[in-house]
Amino acid sequence: SSVARRGRGILVVFEGCDRSGKSTQCRMLVDYLKSIGRDVAHLRFPDRTTAIGQSINDYLQGTTELEDHAIHLLFSANRWESVPRIKQLLDNGTFVVVDRYAFSGVAFTAAKGYDVTWCKNPDRGLPDPDLIFYLDISTKDAQTRGSYGEERYEKAEFQERVAEIYEQLKSNDWKVVDAMKDKNEIHEEIRNTLLELEEQFSKTPLKRLWT
Ligand code: FDM
Ligand code: MG
């Protein structure tokens with residue numbers, strides 16, 4: 001295009017409990033960025049399309065059992081295997097919008113009773129998201145959106161513990177969004193935040209997570 005290069009792309013992550021609307025908001029943001037002519041890639045973790053992702057999928061669907069630490073490391077490996085692609089996209093000035101990231105990894109394993117620091121270690125050094133949108137919803141409200149699915153972890157009691165770990169992980173720079181608001185209102189809030197901060201981030205080098 002004839003537009004001057006704007007610097008690197010922005011890494012945007014969506015986190016939140018099941019039924020918080022993450023996937024909807026990711027889609028809306030990706031569609032919006034495309035509509036204004038931006039290059040954008042939409043990723044989600046777990047990425048079930050790879051060999052590692054297939055093992056994760058089997059575990060989530062309950063067709064296989066895996067030891068808790070082992071599955072944790074597979075989720076992390078599933079992120080690491082996509083790092084070359086993420087870096088390349090960002091280098092090319094592409095927005096990367098990600099549905100779940102290392103925070104899900106920590107929240108779901110720590111919710112089983114494991115040490116948060118241990119859970120963070122394998123993901124230390126991943127590309128650090130520029131923006132983290134946390135879609136905040138109570139487990140009660142999430143349940144009013146219809147019953148949970150059939151996959152592992154889709155139980156109210158477990159989701160409650162996941163939410164507690166997210167609370168511990170949240171830092172000041174997370175953008176916490178009230179997930180009970182109207183989805184269009186949430187989308188506007190998110191895109192405004194992104195457009196406001198885009199220039200600033202595109203000029204700062206990508207950092208490494210938890211280092
Ligand atoms: N999940 C997801 C984890 O346990 N660890 C991780 O690192 C990630 C990325 O996998 F229950 C859990 C969260 C969820 C399940 O996620 C599948 P999706 O978003 O429903 O596909
Ligand atoms: Mg799910």
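**Salt bridges and exposure**

Guide: Lys203 is exposed, at 63% relative accessibility; exposed means over 50% relative accessible area, buried under 20%, and partly exposed in between (1.4 Å probe, protein chains only). This is a predicted model, in which local features need pLDDT of at least 70 and side-chain atom pairs count only at pLDDT 80 or more, whereas totals for chains, interfaces and linings use all residues. Residues are numbered from 1 along each chain as its sequence is written, and side-chain values use heavy atoms, with hydrogens and water left out.

Visitor: Which residue forms a salt bridge with Lys203?
Guide: Glu199 does, with the closest N and O atoms 2.8 Å apart. A salt bridge here is a side-chain nitrogen of Lys or Arg within 4 Å of a carboxyl oxygen of Asp or Glu. Glu199 is exposed, at 52%.

Visitor: How many salt bridges are there by this rule?
Guide: The count is 11. Among them, Glu151 pairs with Arg48 at 2.9 Å, N to O.

Visitor: Where do Glu151 and Arg48 lie?
Guide: Glu151 is in the loop between helix H7 (139-144) and helix H8 (156-169), and Arg48 is in the loop between strand S2 (40-44) and helix H2 (51-60), so the pair ties together parts 103 residues apart in sequence. Helices (H or I, at least four residues) and strands (E, at least two) are DSSP runs, numbered from the N terminus.

Visitor: Is Glu151 buried or exposed?
Guide: Glu151 is buried, with a relative accessible area of 18%, while Arg48 is partly exposed at 32%.

Methods. Chains lettered and ligands numbered in written order.
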